[in-house]
There are 2 protein chains.
Amino acid sequence: MNRSILTVPVRKIEGDSSASFQDLLAVEDPLEIRLGEKTISITMRTPGHDPELAAGFLFTEGILEGTHQIREIQHSKNSITVRLNPDVEVDFERLQRNFYTTSSCGVCGKASIEALRMQGCPVLPRSSAAIQAAVIHRLPQVQRDEQAVFARTGGLHAAALFDFQGNLILLREDVGRHNAVDKLIGAEMLAGRTPLADKLLLVSGRASFELTQKALMAGIPILAAVGAPSSLAVETAQRFNMTLLGFVRDSRFNIYSGAERIQ
Amino acid sequence: MNRSILTVPVRKIEGDSSASFQDLLAVEDPLEIRLGEKTISITMRTPGHDPELAAGFLFTEGILEGTHQIREIQHSKNSITVRLNPDVEVDFERLQRNFYTTSSCGVCGKASIEALRMQGCPVLPRSSAAIQAAVIHRLPQVQRDEQAVFARTGGLHAAALFDFQGNLILLREDVGRHNAVDKLIGAEMLAGRTPLADKLLLVSGRASFELTQKALMAGIPILAAVGAPSSLAVETAQRFNMTLLGFVRDSRFNIYSGAERIQ
């Protein structure tokens, strides 16, 4: 039995006709993420790859610097406890404070962007590496072909990591867009492969500030979204020298930032 | 100038060709929601209808019971402060505690559902009112026709409230699905029209636990989603006697719960 899929009886209506059938649903269930004894977050996620999700979340939120800080990851049914090495200090106060105090304008998009810098989010290096537009055109189909659960439920977001030759490195699915990204980045971080330089992250939905932040924290130079980007996603990408692509589908896409990485 | 839309220069790639043009983006910017002096949430939202968003959030999260408890709503650029009447007591501790302690299984979907009941989320009454399938088939087109900002940016989620005759009552858009729902429910709550009995809420994306919770807190008997529902959304709808419809498009839909409200 696959824990990410549940079967339920459903009545299907088409025009005037009605029929009963068994539908497959994407499972949504809460996961508690703990750092030692402290609950950091409760997220609604699709079960599976939970340790990677927790590690990725702590990493992309700037709470953890990397796998070298982790002593152990304990897994119970809907709770992950990450324990750090004794010499690691986490300044929770600072993390929360940053959001408010980094800009004279108070709470605003600029303050959010500035808070990323304070959390240690790096400005991406200018790179000589680039990816061909023809390679990018192929990626959405590769992602869809690999999306096993989505194909059966229609209910999951995906995040897929590619190299610049268009080879799929890893794909993760979740009911939450941010969780799919955390699972993917967490897996790479735990394997010691961050920062993910010369990689492209493709997300199935829209590009928000939150997803842009997560990709930046992992050092990913190109974020590509099947849907539209938000204004703050574009501003953030520009500020940190990231390439941001939107509407990546049907052999077309828009470049919102960092055109020099596209051939 | 419309604050929910921003114009940016973009390079558009189609196959091998490239062209520059001005694209319209949905604005994403943080909003701080305060209850008195206490910051309750910072949400990334599309500016506009901010007081309704704050009031709707506090209401659908079970913190506020209704407009009669509100003394005033103060609005600054990216911050809304809701002040309650002096006799209203909010038990913040209880709200947070509920999530953990309502079920012996710890953190899990059942505990999340049980927490809704503890927050005062009502089981919906059995009703003799029903809506015709033919009316439901028309709703997605009405929603799209009304979605002014989405049409220009491709970047916004929508929530639309209809009566059982298919008349559109209110539509709200936002980069965040939950925010669109909070704006809509907040507006109705502030106007003294909750609970929203004999109404249908149509959302542009998928039906998650969170959206189901929000609709339930407002007493909405039918939640219809253009996309797929999650497992926990279906379980929640069944538990509280809500009608849940998914894949509402192209003259078809699936009934996951509460078929007696569909003719």
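Domain bounds here come from an automatic or database domain assignment. On that basis, chain A of this predicted model is divided into domain 1, residues 29–118, and domain 2, residues 133–261. The contact between them draws 28 residues from domain 1 of chain A and 26 residues from domain 2 of chain A. A buried residue of chain B, B:Asp182, is also described.

- Taken over C-alpha atoms, the centres of domain 1 and domain 2 of chain A are separated by 21 Å.
- About 2200 Å² is buried between domain 1 and domain 2 of chain A, with 68% of it on carbon and sulfur atoms.
- On the side of domain 1 of chain A, the most area is lost by A:Thr60, A:Ile113 and A:Leu116, which together account for 28% of what that side buries.

**Polar and charged pairs**
- Two salt bridges are counted between domain 1 and domain 2 of chain A.
- A:Glu114 and A:Arg239 form a salt bridge, with their closest N and O atoms 4.0 Å apart.
- Between the two domains of chain A, 10 residue pairs are in polar contact.

**The side of domain 1 of chain A that touches domain 2**
- Strand S4 (38–45), helix H1 (50–60), strand S5 (70–76) and helix H3 (109–118) of chain A each give two or more residues to this side.
- H1(A) gives the most, with eight residues.
- The residues of this side comprise 12 nonpolar, 11 polar and five charged.

**B:Asp182**
- Helix H6 of chain B, residues 177–190, contains B:Asp182.
- B:Asp182 counts as buried because its relative accessibility is 0%.
- Leaving aside residues up to four places away in sequence, B:Asp182 touches B:Glu52, B:Leu53, B:Gly56, B:Phe57, B:Thr60 and B:Lys214.

Methods: Residues are numbered from 1 along each chain as its sequence is written. Chains are lettered from A and ligands numbered from 1 in the order in which they are written. This is a predicted model: local features need pLDDT of at least 70, side-chain atom pairs count only at pLDDT 80 or more; totals for chains, interfaces and linings use all residues. Side-chain values use heavy atoms; hydrogens and water are left out. Helices (H or I, at least four residues) and strands (E, at least two) are DSSP runs, numbered from the N terminus. Buried means under 20% relative accessible area, exposed over 50%, partly exposed in between (1.4 Å probe, protein chains only). Contact means heavy atoms within 4.5 Å. Buried area is the accessible area (1.4 Å probe) that two parts lose on being put together, summed over both. A salt bridge is a side-chain nitrogen of Lys or Arg within 4 Å of a carboxyl oxygen of Asp or Glu. A polar contact is a pair of N or O atoms within 3.5 Å; within protein, one must be able to donate a hydrogen and the other to accept it, and residues adjacent in sequence count only if both atoms are side-chain atoms. Ala, Val, Leu, Ile, Met, Phe, Trp, Tyr, Cys and Pro count as nonpolar, Asp, Glu, Lys and Arg as charged, and the others, Gly among them, as polar.
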